Amino acid sequence: MHFDFAIVGAGYAGSVLAERLASQSGKKVLLIDKRPHIGGNAYDYYNEAGILIHLYGPHIFHTNSPDVFAYLSQFTEWRPYEHRVLASVDGKLLPIPINLDTVNKLYGYNFTSEELEEYFKSVGEPVEKIRTSEDVVVSQVGRDLYEKFFRGYTRKQWGLDPSELDKMVTSRIPTRTNRDDRYFTDQYQYMPLHGYTKMFEKMLDHPNIHLMLSTDFREVKETLSYDQLIYTGPVDEYFDHCFGKLPYRSLRFEHKTVDTEQYQPVAVVNYPNDNAYTRITEYKHLTGQEHPKTSITFEYPQSEGDPYYPIPKPENAELYQRYKQLAEQQANVHFVGRLGTYRYYNMDQVVAQALTLYKKLIGAESLEDVVGTKEKELAK
Ligand SMILES: Cc1cc2nc3c(=O)[nH]c(=O)nc-3n(C[C@H](O)[C@H](O)[C@H](O)COP(=O)(O)OP(=O)(O)OC[C@H]3O[C@@H](n4cnc5c(N)ncnc54)[C@H](O)[C@@H]3O)c2cc1C
C-alpha cells in the first residue's frame, strides 16, 4: 500500500502530525512505533491493581499556549491540577522551588518576603559570569541551599556535578521570596481527564491513519512505499550514528502498588541527598482516582537505556549540529520531536513544534489557522 506520509514514532510529535495530515489534509498516513503502544513517553495505563499510572514517569501537562491547549482540547476533557513538589531535606518535607516557607521551615526562621530577599543577597555568592548550573543557584541562594536542594539531585540525575552542566538545567527552576509553592506558573495547568492514552486514541481514530505498533522502522523501511517521511526517533540513529552517538541520560522506573490509600502528601517528593532514587511519584494525586490502594514509582537515573534527556554540554550541541546539517540535506524527510531535534522539550512544546511543521507542510500563515477556529471556541 502506498502512503502520502510515513511517520516514525507515535508520541506527541508523530501523533499530532498524523492527526492533522489525515483529518485536515486528507493524507494517507502510516504511523509506526517500535513500542507496543501509542503515546510515546506520555503513555499511561491501568495496572494490575486497576490504578492509572504513567509507565515512563510522571507527566504533568502545563502550557501558556492557547493554540496548543485549544488543539488538544478536541481530544480530551481536562481535570484542573496544579503541581506541587516537596523535597526531603534534613528529615523534613519542604516545598521546591525554594520559597519563603522552604527557608523558614528549614532553618526555623520567621522571615518576611523582604527579609528573605535580603537574606538571599547576603548568602548569594557573586559570580562574574554565570556559565554553569552551580553558578546559577549559588549566586541566587548561596551554598547551603544549593548543596541541600540541588547538588546531590543534579549529580544523581545527570551523573555530572552542576559545575560541569550548562546553566540552562537549573535556570528552569525559579527561586521565590513569596509563598507560591506551585511547581509551574503556566496559564493552563490540567491533566487529561481520562488519561493521556485515551487522548491519543481519539487523535488517531481516523480511517486515513494506519497504525503499525511493535515495529522498528529500521527493520521495515525497505518494504515501505511513501512520498514523505516524518521522523521523530533519535536523529543520530537515523544516520547510523555516522558522527558518533549523541549522549542521553536514561532512567529506570520501579513501579509498586502499596496497600495504603495515600503514600505521600503530594504527587512528587524529591530526594536530593539520601537514596539512589531521585524522586517518588504517587499517581492518584495527578489523576484524582479513588482506590483503596495506591501506586508509586521510584526513579533511578542511569546512563544506559531508553534515551530520555539530551545531556546539555557544548560538545554535544556541536555534535548535534553536524547531524542537523545532514538532516537538512535530506529531501522529503522531516525531523521533529524531542529525539529528532536532540532537545529536552515539554509535551506542549512538542505539540507546538509538530503544529508548526504541519503549518509549513500545508503553507498556512499562522498556528491559529492550523488549529482552527472551531477548536479555539472549545478552549474558552
Ligand atoms: C521522565 C520524564 C518525565 C517527563 N515529564 C514531563 C512533564 O511532566 N510534562 C511535560 O510537559 N513533559 C514531560 N516530559 C517530556 C515528554 O515526555 C516529551 O515532551 C514528549 O514525550 C515528547 O514527545 P515526542 O513525540 O517528541 O517523543 P516520544 O514521546 O519519545 O516519542 C517518540 C516515539 O518514537 C518511537 N521510536 C523511536 N525510534 C523508533 C524507530 N526506529 N522505529 C519506530 N519507532 C521509534 C519511540 O518508541 C517513541 O514512542 C517528560 C519526559 C520524561 C523522560
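Colleague: Which residue does V269 stand opposite in strand 14?
Modeller: V269 stands opposite I280. This is a predicted model, where local features need pLDDT of at least 70, side-chain atom pairs count only at pLDDT 80 or more, and totals for chains, interfaces and linings use all residues. Residues are numbered from 1 along each chain as its sequence is written.

Colleague: How many bridges join strand 13 to strand 14?
Modeller: Three, and the two strands run antiparallel. Strand 13 is residues 268–270 and strand 14 is residues 279–282. Strands (E, at least two residues) and helices (H or I, at least four) are DSSP runs, numbered from the N terminus. Two strands pair if DSSP finds at least two bridges between them.

Colleague: And which way does strand 15 run against strand 14, parallel or antiparallel?
Modeller: Antiparallel, with four bridges. Strand 15 covers residues 294–302. There, R279 stands opposite E299.

Colleague: Where do the side chains of strand 14 point?
Modeller: R279 and T281 point one way, while I280 and E282 point the other way. All are buried. A residue is buried if 20 or more other C-beta atoms lie within 10 Å of its own, exposed if 12 or fewer, and partly exposed in between, with C-beta atoms placed from the backbone.

Colleague: What is the strand order in that sheet?
Modeller: It goes 8-7-13-14-15-12-16. That is an open sheet of seven strands with mixed pairing. Strand 8 and strand 16 (309–310) are at the edges with a single partner strand each, so one side of each has no neighbour in the sheet.

Colleague: Staying with strand 8, where is P97?
Modeller: P97 is in the loop between strand 8 and helix 3. A cis peptide bond joins I96 and P97, with omega about 5 degrees.

Colleague: Which residues of helix 3 are buried?
Modeller: L100, T102 and V103. Helix 3 spans residues 100–107. Its buried residues pack against strand 8 (92–96) and helix 4 (113–123). Contact here means C-beta atoms, placed from the backbone, within 7 Å.

Colleague: What follows helix 3?
Modeller: G108, with a positive phi near 75 degrees.

Colleague: Which residues other than glycine have a positive phi?
Modeller: H241 is one, with phi near 50 degrees. H241 sits in the loop between helix 9 (235–238) and strand 12 (248–258). N332 is another, at about 60 degrees. N332 lies in the loop between helix 11 (314–328) and strand 17 (333–335).

Colleague: Are those two buried or exposed, and why?
Modeller: H241 counts as exposed because it has 12 C-beta neighbours inside 10 Å. N332 is exposed too, with 10 other C-beta atoms within 10 Å.

Colleague: New topic. Why is strand 1 largely enclosed?
Modeller: Five of its seven residues (2–8) are buried, so the rest of the structure largely encloses strand 1.

Colleague: Which strands does strand 1 pair with?
Modeller: Strand 11 (residues 225–231) pairs with strand 1 in the parallel sense over six bridges. Strand 2 (residues 29–32) also runs parallel to strand 1, through four bridges. F5 has a bridge partner in each: Q228 in strand 11 and V29 in strand 2.

Colleague: What do strand 1, helix 1 and strand 2 make?
Modeller: A right-handed β-α-β unit, with helix 1 at residues 12–25. Right-handed means that, with the strands pointing away from the viewer, the path from the first strand over the helix to the second runs clockwise.

Colleague: Now the core. Which residues touch the most other members?
Modeller: I7, L17, V29, V351 and A354, out of 84 residues in the largest nonpolar core. Such a core is a set of buried Ala, Val, Leu, Ile, Met, Phe, Trp, Tyr and Cys residues joined through C-beta atoms within 7 Å. Helix 5 (residues 133–158) gives the most to this core, nine residues. Domain 1 and domain 2 both give residues, so this core lies between them.

Colleague: What does V351 touch?
Modeller: Y12, V16, V68, Y71 and L72, not counting residues up to four places away in sequence.

Colleague: Where are the domain bounds?
Modeller: Domain 1 is 2–42 + 194–246 + 310–379, and domain 2 is 85–171. Those bounds come from an automatic or database domain assignment. The two centres, taken over C-alpha atoms, are separated by 37 Å.

Definitions and conventions
Contact = placed C-beta atoms within 7 Å.
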